[in-house]
There are 2 protein chains.
Amino acid sequence: MQEINAISSDSHLSGIRFKMDIKQENYNQSNSVGIVDTQYLNIEDKIKLENGIDFGPLTIAYETYGELNKTKDNALLVLHALSGDAHAAGYNSPEEKKPGWWDDLIGPGKAFDTNKYFVISSNFLGGCKGTTGPSSINPETGKPYGTSFPVITIEDMVKLQKKLLDFLGIEKFIVAGGSMGGMQAIEWTINYPEMIKSTIIIASTSRLSAQGIAFNEVGRNAIIYDPNWNNGNYYETQTPPSSGLSIARMIGHITYLSEESMHEKFGRRLQDKKDLDFNFDVNFQVESYLRYQGKSFVDRFDANSYLYITKAMDYFDIPQKYGSLMKAFKNAKSKFLVISFNSDWLFPSSQSKEIVKALMKIDKEVTYCELDTPYGHDAFLLEYEQQTKIIKSFLKEDK
Amino acid sequence: MQEINAISSDSHLSGIRFKMDIKQENYNQSNSVGIVDTQYLNIEDKIKLENGIDFGPLTIAYETYGELNKTKDNALLVLHALSGDAHAAGYNSPEEKKPGWWDDLIGPGKAFDTNKYFVISSNFLGGCKGTTGPSSINPETGKPYGTSFPVITIEDMVKLQKKLLDFLGIEKFIVAGGSMGGMQAIEWTINYPEMIKSTIIIASTSRLSAQGIAFNEVGRNAIIYDPNWNNGNYYETQTPPSSGLSIARMIGHITYLSEESMHEKFGRRLQDKKDLDFNFDVNFQVESYLRYQGKSFVDRFDANSYLYITKAMDYFDIPQKYGSLMKAFKNAKSKFLVISFNSDWLFPSSQSKEIVKALMKIDKEVTYCELDTPYGHDAFLLEYEQQTKIIKSFLKEDK
């Protein structure tokens with residue numbers, strides 16, 4: 001545990017409040033993977049999607065950290081969530097202020113130790129960060145797909161990632177993902193049991209709840225009702241449905257935080273004023289935060305991708321697809337680590353426990369941890385000290 | 001308890017699922033208040049709003065059920081929530097399919113027994129159901145107020161209700177309200193302590209949480225971002241911001257239900273189909289429900305009212321306004337009944353307990369019940385059998 005304490009350093013002790021400052025640490029510090037380029041793999045074949053369509057050609061955006069060993073058996077695939085991308089660790093340039101989304105967990109000596117592992121991260125199918133998605137050019141028309149993009153599933157995302165692993169010549173590896181990344185980790189383990197040594201599922205579920213579908217549906221409606229959405233054709237006019245996407249993101253942000261963390265962060269504190277001013281401007285800090293989150297998201301995300309990705313989440317239902325969770329995991333060869341957070345109400349612990357119970361019933365090796373944290377669903381990105389200890393301990397047995 | 005069981009009848013046993021059928025019961029049955037007219041009181045004076053503005057003239061829409069006795073001491077004021085109106089019980093016409101919003105609790109032999117009490121219900125200031133609000137005509141311009149309507153507070157709503165009670169010649173009465181109606185009940189008790197005999201606060205709070213403000217803010221943004229909102233000027237063009245209001249209502253509905261009741265009602269059941277159809281139409285029943293709730297709301301509610309009323313909820317903060325809850329209730333003369341629901345995550349039990357603890361510390365007479373129900377915040381409208389027993393028992397001592 002000494003090692004972990006040394007790595008986490010005092011700057012981490014104060015938690016979420018100083019997250020912004022921490023992120024401005026230098027890219028060349030000893031526990032950073034440093035400067036990383038995003039790479040692109042073009043795949044000329046088509047892949048058969050779950051809806052029966054043969055779809056391609058395709059591009060995959062990915063990054064790697066650490067070195068692949070000669071026997072090619074030290075790979076670890078990390079899988080991102082709804083708004084993530086291939087850039088999981090390090091910096092894409094010395095000017096970049098903020099490192100990759102899981103930089104706290106990926107690097108020399110960190111949970112996913114790049115001294116030991118060759119860590120791979122790829123943007124998923126349907127996204128807007130380099131891998132083929134609705135904003136990509138359809139080679140048949142020379143125009144962006146828009147809503148002519150096929151409806152895809154989590155299994156389809158994994159099928160495309162398989163092409164990347166094949167290209168890299170990796171036959172056996174570890175998968176790890178949080179939230180929707182955990183859904184992909186589950187599909188990997190079920191669909192390619194021979195390839196997966198260990199499966200790490202964090203703050204995830206084997207199927208989205210009715211409440212989860214409901215929040216996604218409201219977000220999609222906000223986009224679709226925005227006149228600028230224009231049936232998904234907004235790329236040429238450069239007038240995307242920013243209002244709708246911003247509303248969708250604001251809804252998302254409420255669900256990512258726990259009531260406790262929202263209270264801690266904002267309470268009922270007023271924004272830059274002492275008294276209520278009786279108008280419809282921002283009055284409370286929480287309003288300012290949400291408006292900022294909504295607005296900054298539209299600069300970096302595509303509204304059509306939001307529609308397709310949330311639909312893939314809604315469709316994800318392992319027990320329904322395989323008859324039961326036990327049947328689904330029957331052929332799995334990996335050992336499992338499942339982590340949930342007690343304040344996560346979007347992907348509550350009860351859903352992780354369902355997975356754990358099913359795995360135990362069919363005698364799979366499974367470790368389960370429910371972490372005590374106020375950070376809600378976002379904890380999979382924030383609560384890295386506790387996660388680091390657990391993941392390191394779980395991976396220690398890996399040779 | 002015999003009486004209650006007889007009233008509730010077998011049709012109630014199956015709960016929420018048959019609510020729609022129950023509501024189609026005949027208006028002339030023995031426990032209905034029958035046909036009721038909404039009445040209107042015009043007030044020529046101005047009232048001084050909390051923001052310092054003198055505002056008027058004003059109209060109040062209200063209904064009454066039962067008879068006011070000669071000594072005028074059997075009055076009971078019920079206070080409605082965000083989307084409610086003066087029509088709390090009975091039917092406005094023989095053709096009306098659905099009775100008033102609290103018909104399950106108001107009527108002969110019911111919790112608010114109209115054989116005993118003269119029950120009053122009035123639409124609050126800022127609404128769109130007959131009492132002056134943003135869609136009312138400003139007599140100075142001959143046009144609807146729109147956003148020239150002043151920002152109002154819960155205290156302002158109560159100040160206007162006071163005019164109605166004065167007009168009716170009632171000096172002492174009982175107040176009862178759920179959700180935002182509970183906020184009004186609290187303000188009544190604090191502002192007019194000599195007038196209130198008993199205070200019934202259901203599924204409410206002394207201040208909205210950061211999460212509550214956040215949900216309201218997203219709903220308001222959905223309206224304001226809708227191009228049809230047009231800075232609140234949409235009455236003349238008859239093109240209201242229906243999309244934005246519909247999104248706001250969908251968000252609201254998610255927060256009114258518990259995860260459990262959503263799961264019970266919808267689970268992951270598909271809507272009118274056996275398999276996923278890989279498109280963006282409605283796939284799941286929960287999506288269909290939310291779209292219906294959103295669309296039906298826009299036919300009966302004004303978007304500007306939604307902005308003003310949610311702002312009044314956000315501004316409501318009794319501990320901040322009076323220094324503490326104990327200071328706030330110091331001069332109260334009433335006895336209290338506080339009811340919360342264990343699955344209500346919008347106005348959680350912890351917030352009711354804060355009120356109860358403060359009242360106990362200053363030696364007020366208070367009864368508190370946390371009811372076990374799956375219905376979430378909506379339980380104040382649905383869980384009437386349990387509420388009836390508690391309210392009847394609480395009111396029994398009233399002479």
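Q: What percentage of the 399 residues in chain A do the buried residues make up?
A: A residue is called buried if 20 or more other C-beta atoms lie within 10 Å of its own, exposed if 12 or fewer, and partly exposed in between, with C-beta atoms placed from the backbone. In chain A, buried residues make up 53% of the 399. This is a predicted model, in which local features need pLDDT of at least 70 and side-chain atom pairs count only at pLDDT 80 or more, while totals for chains, interfaces and linings use all residues. Residues are numbered from 1 along each chain as its sequence is written, with chains lettered from A and ligands numbered from 1 in the order in which they are written.

Q: What is the mean pLDDT of chain A, and over which residues is the pLDDT below 50?
A: The pLDDT is the predictor's confidence in each residue, from 0 to 100. Its mean over chain A is 91, and 92% of the residues reach 70 or more. Over residues 1-25 of chain A, however, it is below 50, and this stretch has 18 contacts in the model beyond near neighbours in sequence, a contact being a pair of residues whose C-beta atoms, placed from the backbone, lie within 7 Å. For the complex, the predictor gives an ipTM of 0.88 and a pTM of 0.90.

Q: Which residues have the most contacts inside the largest nonpolar core?
A: A nonpolar core is a set of buried Ala, Val, Leu, Ile, Met, Phe, Trp, Tyr and Cys residues joined through C-beta atoms within 7 Å. The largest one here has 230 residues, and those with the most contacts inside it are A:Leu76 and B:Leu76. Leaving aside residues up to four places away in sequence, A:Leu76 touches several residues, including A:Phe112, A:Tyr117 and A:Phe173.

Q: How many residues of chain A are in contact with chain B, and which element gives the most?
A: At this interface, 40 residues of chain A are in contact with 40 residues of chain B. H5(A) gives the most to the side of chain A that touches chain B, with 10 residues, where helices (H or I, at least four residues) and strands (E, at least two) are DSSP runs, numbered from the N terminus.

Q: Which residues of H12(A) are buried, and what covers them?
A: The buried residues of H12(A) are A:Ser349, A:Ser352, A:Ile355, A:Val356, A:Ala358 and A:Leu359. Their cover includes strand S12 (196-202), helix H11 (325-329), strand S13 (335-341) and strand S14 (366-371) of chain A. Just after H12(A), A:Asp363 takes a positive phi of about 60°.

Methods. Two residues are in contact if their C-beta atoms, placed from the backbone, lie within 7 Å.
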